[in-house]
Amino acid sequence: GEAVVPVAKCDVREYNSNPKEQLPFKEYVEYWREYIGNGYRSSRGCLYLKDWHLSRSGLVPEIPALGIAFPEQDVYSTPVYFSSDWLNEYWDAVAVDDFRFVYMGPKG
């Protein structure tokens, strides 16, 4: 619940994209439940959790010393059909980035 996640504002466009804000995961889940409960409406608009790097996610992005949000858990495994994960093999080797994202949100 304390992991900080990127959330896109789907109802807003900036430079052909949706601006993002950072929210604690538990706050996003609360928003999502309320959004569904209110007939898929909210004064905050439609928010979508997008491009969350769960496998390297820190609790607070501004303080890297806090480290990984889930260090004791292996939160990612490559599906068998994509077992040749050559893109992430490279990024893991250079320890710069990864292409393991989580996307979730309400319909619409």
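**Fold, confidence and surface of the predicted chain**

The accessible surface of the chain amounts to about 7500 Å², and carbon and sulfur atoms account for 55% of it. The model is a predicted one, and of its 108 residues, 27% count as buried. The secondary structure consists of two helices and four strands, arranged from the N terminus in the order β-β-α-β-α-β. Among contacts between residues at least 6 apart in sequence, 53% join residues at least 24 apart.

The mean pLDDT of the chain is 76, and 65% of the residues reach at least 70. Among the elements, helix H1 has the highest mean pLDDT, at 93, whereas helix H2 (residues 86-94) has the lowest, at 68. Over residues 58-67 the pLDDT stays under 50, and for this stretch the model has 14 contacts beyond four places in sequence.

S1 spans residues 4-9, and five of its six residues are buried, so the strand is largely enclosed by the rest of the structure. S1 pairs with strand S2 (residues 20-24) in the antiparallel sense, over five bridges; within this pairing, Pro-6 has Gln-22 of S2 as its bridge partner. S1 is also joined to S3 by three bridges, and these two strands run antiparallel. Here Val-7 finds its bridge partner in Leu-49 of S3.

Tyr-40 belongs to the loop between helix H1 (25-37) and strand S3 (47-52). Its relative accessible area is 32%, so Tyr-40 is partly exposed, as this class lies between the cut-offs of 20% and 50%. Leaving aside residues up to four places away in sequence, Tyr-40 touches Tyr-35, Pro-106 and Lys-107. Tyr-40 and Lys-107 are 67 residues apart along the chain, yet their C-alpha atoms are separated by 7.9 Å.

Phe-82 sits in the loop between S3 and H2. With a relative accessibility of 58%, Phe-82 counts as exposed, because the cut-off for that class is over 50%. Together with Val-80 and Tyr-81, Phe-82 forms a nonpolar patch on the surface, and the three residues have about 450 Å² of accessible area together.

Notes: Residues are numbered from 1 along each chain as its sequence is written. This is a predicted model: local features need pLDDT of at least 70, side-chain atom pairs count only at pLDDT 80 or more; totals for chains, interfaces and linings use all residues. Side-chain values use heavy atoms; hydrogens and water are left out. Buried means under 20% relative accessible area, exposed over 50%, partly exposed in between (1.4 Å probe, protein chains only). Contact means heavy atoms within 4.5 Å. pLDDT is the predictor's confidence in each residue, from 0 to 100. Patches are made of residues with over 30% relative accessible area and no salt bridge: like charges are joined within 9 Å, nonpolar side chains (Val, Leu, Ile, Met, Phe, Trp, Tyr) within 5 Å. Accessible areas come from the Shrake-Rupley method with a 1.4 Å probe; for residues, only the protein chains shown count as cover. A salt bridge is a side-chain nitrogen of Lys or Arg within 4 Å of a carboxyl oxygen of Asp or Glu. Two strands pair if DSSP finds at least two bridges between them.
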